[in-house]
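I opened this notebook to keep track of what I looked up, one topic to an entry.

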There are 2 protein chains.
Amino acid sequence: MHHPLTFRLATREDIPAIVALLLDDHLGVSRERSEDLSCYYSAFDRLCEDPNNELVVVETDGQVIGTLQLTIIPGLTRRGATRAQIEGVRVARSHRKEGVGSKLMAWTTERARSRRCSLIQLTTDNSRPEAHRFYERLGYVASHVGMKCDISR
Amino acid sequence: MHHPLTFRLATREDIPAIVALLLDDHLGVSRERSEDLSCYYSAFDRLCEDPNNELVVVETDGQVIGTLQLTIIPGLTRRGATRAQIEGVRVARSHRKEGVGSKLMAWTTERARSRRCSLIQLTTDNSRPEAHRFYERLGYVASHVGMKCDISR
């Protein structure tokens, strides 16, 4: 028996639940913090100022059980294609293996299409083989190497 | 004898030169077109409407010899870190092995820092091993798998 899922854009009231999802992850646990959420509220304000960024949540029974960020990127390459990019995909541990992630991706794909995107791209950490298989089942092709450089120093 | 390089944001007048750079590439040759540039001009207009996207060019002797796109992405993960993302890096074949790419990346990194980014990310096609080595020399770590899904159908 699965309860219905609601997909919508996040509000400020969702931030604690979203941070809890980000923390409940083998990589997130060392990268995030829950003692002081002020950095997340500031980041949410910056995100909301940009119409090309959307923070998405999925809820059931009034509880946020999944999240991702959608970024719309206009650009010249591929004959002026607009891309969608997905970051920070998380589903609550208590609701995995129920198809929540697939439905969240499907909802976001339609949203990207409505923003005239012809391509969706994302990267997943090398330490998430189950995520790679998940995206491949959805039609994603592992065509690229994802590289990052810390410039905070 | 190297002539001085000038780094700046692209203008509409640079579009033909930028498209020529995009075409002069083993992947770009099948993805781009030069007969009708209208799709590139429209894409440039969309890009300019977004203050979080910048199309960068490098020129010497009044000629555009390199380009990349910088996208600033606010987000919640990594304690509300703002990321910079780089796409569509190209250097003219006639000016390779002169350090133009490294200088273009260095200029863009400072620009990303001035926009308060703590991380720069990019993906490179699996078929560009020399690009992977180039970015690794600059301090990039190949920590992720880059996946794409065509949603144009």
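I looked up E87(A) and found it buried, with a relative accessible area of 12% (buried means under 20% relative accessible area, exposed over 50% and partly exposed in between, with a 1.4 Å probe and protein chains only). Its partner in a salt bridge is R83(B), with the closest N and O atoms 3.2 Å apart; I count a salt bridge where a side-chain nitrogen of Lys or Arg lies within 4 Å of a carboxyl oxygen of Asp or Glu. This pair crosses between chains, running from strand β4 of chain B to strand β4 (residues 83-91) of chain A, and R83(B) is likewise buried, at 7%.

I noted that this is a predicted model, in which local features need pLDDT of at least 70 and side-chain atom pairs count only at pLDDT 80 or more, while totals for chains, interfaces and linings use all residues. Residues are numbered from 1 along each chain as its sequence is written, chains are lettered from A and ligands numbered from 1 in the order in which they are written, and side-chain values use heavy atoms, with hydrogens and water left out.

Next I turned to chain B, where the side chains of E54(B) and R115(B) meet in a salt bridge at 3.6 Å, N to O. E54(B) lies in strand β2 (residues 53-60) and R115(B) in the loop between α5 and β5 of chain B, so the pair ties together parts that are 61 residues apart in sequence (helices, H or I of at least four residues, and strands, E of at least two, are DSSP runs numbered from the N terminus). E54(B) counts as buried at 10% relative accessibility, whereas R115(B) is partly exposed at 29%.

R111(A) is partly exposed, with a relative accessible area of 27%, and E54(A) is buried, at 9%.

A search of the whole structure gave me 21 salt bridges over all chains.

Last, I looked at the lining of the second largest pocket, to which 38 residues contribute, with V89(B), R128(B), E130(B), A131(B) and Y135(B) nearest its centre. A pocket here is an open set of points on a 1 Å grid over the protein atoms alone, where a 1.4 Å probe fits, with protein on both sides within 12 Å along at least five of seven lines; lining residues have an atom within 4 Å of a point.
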